[in-house]
Amino acid sequence: MDPMTSHLERQFGCFPEPVIVLSGGQAIYSNEPGQQLLQEEGVPLDLLFALAEHPGDALEIALGEAVYRVTVTPLNEGDLLVLRPMAAPEEKKHPFSNAVYRMR
């Protein structure tokens, strides 16, 4: 393990949420949850690079079945992306859904 990866592992390895550092067109570091996320089929690396263009913003994205709140922070090593899982939004019933059922 090179010194930079070792440094990133010490800083972000214990994070429970996925952490990914992007630099030079590739993911140069990811903690264990980040590695699992990158190995999933529905996670396009191009999308993560597009998100990295918005440092300081908190963006919500859907990856596969999960919804994440993504924050981007520029580091010396590259762009740090932290993906915090969010609870799935509740399905809201239409206010007239019961009325339509009763009219039948």
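Colleague: What percentage of the 104 residues in the chain is buried?

Modeller: Buried residues, meaning those under 20% relative accessible area with a 1.4 Å probe and protein chains only as cover, account for 28% of the 104 residues in the chain. The model is predicted: local features need pLDDT of at least 70, side-chain atom pairs count only at pLDDT 80 or more, and totals for chains, interfaces and linings use all residues. Residues are numbered from 1 along each chain as its sequence is written, and side-chain values use heavy atoms, with hydrogens and water left out.

Colleague: How many helices and strands does the chain have?

Modeller: Helices (H or I, at least four residues) and strands (E, at least two) are DSSP runs numbered from the N terminus. Here there are four helices and five strands, in the sequence order α-β-β-α-α-β-β-β-α.

Colleague: Where do nonpolar side chains tend to be in soluble globular proteins?

Modeller: They tend to be buried together. A nonpolar core is a set of buried Ala, Val, Leu, Ile, Met, Phe, Trp, Tyr and Cys residues joined through side-chain atoms within 4.5 Å. The largest one here has 14 residues, and Leu-48, Leu-63, Tyr-68, Val-70, Leu-81 and Leu-83 have the most contacts inside it. At least two of its residues come from each of S1 (19-23), H3 (45-51), S3 (58-63), S4 (66-74) and S5 (79-86). Strand S4 gives the most, with three residues. Apart from this core lies another, of seven residues, including Phe-12 and Tyr-29.

Colleague: Which residues is Val-70 in contact with, leaving aside its neighbours within four places in sequence?

Modeller: Contact means heavy atoms within 4.5 Å. The partners of Val-70 beyond those neighbours include Leu-51, Ile-61 and Leu-81.

Notes: Buried means under 20% relative accessible area, exposed over 50%, partly exposed in between (1.4 Å probe, protein chains only).
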